Amino acid sequence: MSILEILYTILIMPLQIMFEAIYNIAYSVIGNPGLTIVVFSLAINFLVLPLYRRADAMQEEERDIEQKLHKGVQHIKKTFRGDEQMLMLQTYYRQNHYKPTYVLRGAMPLFLEIPFFIAAYRFLSNLKLLQGVAFGPISDLGQPDSMLMVAGFSINLLPIVMTAVNLVSSYLFTRGYPLKTKVQLFGMALFFLVFLYNSPAGLVFYWTLNNVFSLIKTIFYKLKNPRMILSIMAALTGVVLFILGLTKGSSETIKWKLFACMVGVILELPLFGMLRKRQNADGGKCDKTYASHPKIFVTGGIFLAVLTGLIIPSAVIAASPQEFIVRGYLPNPIWYIVSSCCLSIGTCVVWLGVFYSLMDERFRTYFEKLIWILSGISIVDYMFFGKNLGIISNSLQYESGMYFTHKQELINVLILALVAAAMWFIYRLIGTHAFDVLAVGTLALCGLALVNIHGINTSIAQVDTSSADTNGTLCSLSKNGKNVVVLMLDRGISEYIPYIMQEKPELKKQFDGFTFYSNTISFGGSTNFGTPGLYGGYEYTPIENNRRSDETLVSKQNEALKVMPVLFSQNGYDVTVCDPTYANYAWIPDLSIYDEYPDIKTYNTMGAYSDVDETEGLVKSNKRNFFAFSLTKIAPLFAQPTLYEDGKYNHSTSDDLQTATTQTTDGILKSNGINALFQNAYNVLCNLSVITDVVNDSRDTFLMISNDTTHEPNMLQLPDYTVSAMVDNTRYSNQFEDDYIVDNQKLKMENEYQVTHYQVNMAAMIQLGKWFDYLRENDAYDNTRIIIVSDHGRDIGQMDKAIFSITDDEKLDSESFRALLMVKDFNAEGFTISDEFMTNADTPTLAVQNLIENPTNPFTNKAINSMEKIAHEQLIFESSIYSIAENNGNTFLPGNWYAVHGDTWNPNNWKLVARDAILPENAE
């Protein structure tokens with residue numbers, strides 16, 4: 001980041017994030033972009049009203065002092081010259097307790113207006129929501145208004161109205177002020193006329209409303225006792241909001257009802273405070289003296305900045321550092337932490353510091369208590385609430401969304417209220433020693449952040465991306481030799497295949513020669529449990545890996561990944577490996593595990609076929625969203641889903657790069673944006689005909705490739721399942737109700753999670769079908785054995801017959817353990833379905849069958865076959881600890897074990913054999 005970027009991030013971006021959040025939340029309630037601008041302007045102006053009021057007061061104080069000293073200054077300037085004049089002025093100022101630098105206080109309103117204007121300009125000028133939207137006489141809020149036509153020329157009326165309001169306000173405000181002050185304000189009004197004349201109408205409308213508010217404020221403060229009038233108006237507004245909160249809306253808007261009631265109560269406080277103050281004055285009580293302690297406020301601001309800018313972002317990244325690498329654009333995710341740190345400093349130290357510095361002594365003491373209490377409830381909220389939300393992607397989207405029950409939200413509010421009360425009581429006890437507590441807490445947080453950052457750098461240093469940045473041909477298949485392809489589709493869901501083939505019958509022709517094994521299981525519901533057996537065979541199932549307790553899990557994963565490539569290479573095959581899953585237990589596969597086999601070509605393809613917008617967009621969004629994520633995690637639970645906003649974090653920029661990073665769904669029919677992880681993986685499948693060329697020779701080849709297209713849910717545009725930044729499948733709504741029934745078994749399409757999983761699996765099959773056509777056209781299909789297999793499925797409750805009662809009060813969704821397995825042998829014809837009991841650990845046996853005589857594991861010398869499958873029941877491992885950053889010892893951490901055999905659709909063939917165990921009983 002450059003110096004200018006850092007300054008912009010510290011000074012402007014916090015305001016822009018605030019603008020985006022306020023506008024988006026208001027729009028979610030109002031639904032009209034134009035009316036939302038009105039509410040947005042009022043909210044911003046009321047929020048910063050104390051700030052501007054104090055700045056105006058400082059300007060007035062400066063003007064009064066300047067008038068008071070004017071005669072003396074003029075006398076000195078007329079009487080003295082040179083150094084003598086300077087010394088006399090310094091003495092005169094010192095005698096009157098005045099410093100020349102105080103003149104800057106007179107420009108304080110301007111200093112405040114500049115960053116607010118820049119933030120508003122960047123936000124509203126680029127707001128796509130305003131494009132093409134009419135509001136009243138304004139035909140398009142996203143373009144200059146052009147409301148007047150004179151002699152064939154269009155004239156923008158809004159900037160003229162804005163300037164007129166600004167001039168009237170400046171005239172009223174500067175009555176009795178020196179000429180230079182009037183010139184300054186009138187000049188600013190004309191500057192804004194010129195600068196904003198050709199700006200979008202939405203921006204000018206917002207600034208016009210700000211000027212109207214300023215005019216009303218100027219008139220208002222000319223009244224007698226404006227504070228009492230304002231307090232009464234606020235109290236009346238609060239009463240209305242409280243009544244509306246109690247009477248309007250349904251149970252679905254409970255959060256907004258509670259919010260309206262809370263705001264209504266808060267708006268009563270100013271009037272209550274003034275009445276109490278007046279009562280004390282009438283009773284003859286002396287005003288209480290206040291003594292602020294800036295060091296408490298500053299330390300509290302730093303504490304919150306470290307928590308939101310360092311601790312929370314570094315903790316997320318440290319859980320899986322390599323996942324946040326954006327190859328070709330961001331080699332180290334530490335830059336995300338730098339950006340969030342700048343934003344947190346700008347918010348918690350700079351802008352809160354501005355508010356604090358402009359307050360009087362009494363409100364400073366209140367602010368100190370507030371930031372002390374915020375420090376306490378923020379750390380408690382982050383540490384103990386909002387957990388167990390499932391997988392979070394590298395674009396900071398939770399795979400299963402963010403949802404809390406009303407009970408969870410209520411408990412959270414009650415506990416945070418108790419924490420706030422406790423913090424207030426502690427503050428009363430320790431007083432200024434709160435500084436010491438905050439300082440120690442800040443140092444402790446910094447220490448934890450350093451540990452996280454060290455772990456991130458250590459993990460990143462292990463990544464070798466030297467062969468990842470390729471987008472050409474990686475593997476040459478032979479026309480006359482034998483080709484073997486093993487394609488692992490991460491989370492490819494087996495039970496979709498009959499429905500996919502029914503919906504797209506043309507796929508059966510493209511998949512000619514394939515046998516779909518509908519009765520296939522994986523040995524675990526996550527990648528770290530399901531892939532070792534898939535790649536290495538029955539020697540690497542979870543039960544066998546846990547028996548080999550003297551070896552690390554990572555060494556067993558690496559060994560499994562090398563079984564087929566090394567075996568085929570030793571038997572004269574030209575071998576290529578792409579994206580070996582969890583190689584060296586690294587998110588970005590560590591290709592160095594194949595270094596001792598120079599004849600094996602290795603590549604990482606994930607993201608290598610994505611364009612610059614897809615990668616740049618992810619980085620730009622994350623630099624902002626990591627801080628927004630931190631704010632979300634320290635907010636009360638009832639507010640977190642609103643701040644999270646389906647992973648967009650109220651990011652309303654018009655930047656098209658945003659749509660290339662995250663997708664938000666509106667039910668099961670509409671979506672906005674694209675999941676970057678899906679796009680990166682899907683691009684690889686779209687480029688299989690580039691990755692694999694066909695040569696006219698007799699070489700034997702082996703290709704092993706892993707792909708995540710089916711792992712990343714993303715809504716697609718029907719009927720062709722194409723990628724689109726704006727998906728609208730409304731016209732196909734009947735399809736979701738009626739068209740997913742095969743053999744009287746309905747595939748549920750009741751929520752976006754189910755729909756998007758099906759759609760990405762369909763998209764994968766469509767692209768594979770196109771690749772198979774390419775192989776046919778180049779005479780390399782019949783002589784190619786193709787195995788399509790997945791490491792596990794997903795328990796999303798999509799098939800009733802897959803959900804079994806394991807005990808009287810416990811159900812098991814076996815979809816999680818169902819693996820996709822489709823095999824096309826040499827010269828095979830037709831598309832067939834087999835119900836033979838299979839596991840994904842059959843993959844090595846299927847790959848070498850009839851090609852390598854007496855195949856043995858090159859590392860253990862044991863025969864490669866499927867005899868273990870029929871020798872006993874198969875043991876499946878279940879655990880929620882799927883992260884290789886946590887579950888990476890010599891054995892998998894304790895979990896549940898299930899035994900299954902035969903027909904896996906028969907619930908009687910499943911049983912629970914152990915809970916919370918490393919090995920089932922008698923399995924040693």
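In the predicted model, the buried residues of helix H16 (residues 434-461) are Ala434, Leu438, Gly441, Thr442, Leu445, Ala449, Asn452, Ile456, Ser459 and Ile460. An α-helix has 3.6 residues a turn, so residues three or four places apart point the same way. The cover over the buried residues of H16 includes helix H12 (294-319), H13, H14 and helix H15 (406-430). The length of H16 agrees with expectation, because its 28 residues, at 1.5 Å a residue, should span 40 Å, and its end C-alpha atoms are 40 Å apart.

Two of the helices that cover H16, H13 and H14, also pack against each other. Two packed helices are described by the angle between their axes and the distance between the axes. For H13 (residues 334-357) and H14 (residues 361-384), the angle is about 150° and the axes lie 9 Å apart. H13 is therefore roughly antiparallel to H14. On the H13 side, the contact is formed by Leu352, Phe355, Tyr356 and Ser357; these meet Arg364, Phe367, Glu368 and Ile371 of H14. By class, the residues of this contact comprise five nonpolar, one polar and two charged.

Strand S22 (residues 874-878) is largely enclosed by the rest of the structure, because four of its five residues are buried. S22 runs antiparallel to strand S23 (residues 895-900), to which five bridges join it. Within this pairing, Glu878 stands opposite Asn896 of S23. In a regular strand the side chains alternate between the two faces of the sheet.

Methods
Residues numbered from 1 in each chain as written. Predicted model: local features only at pLDDT ≥ 70, side-chain atom pairs only at ≥ 80, totals over all residues. Heavy atoms only, no water. Buried < 20%, exposed > 50% of the residue type's maximum accessible area, 1.4 Å probe, protein only. Pairing = 2+ DSSP bridges. Axes fitted to C-alpha atoms, helices over the stretch in contact; angles between N-to-C directions. Parallel < 35°, antiparallel > 145°, perpendicular 65-115°, else oblique. Contact = heavy atoms within 4.5 Å. Nonpolar A, V, L, I, M, F, W, Y, C, P; charged D, E, K, R; others polar. Expected span 1.5 Å × (residues − 1).
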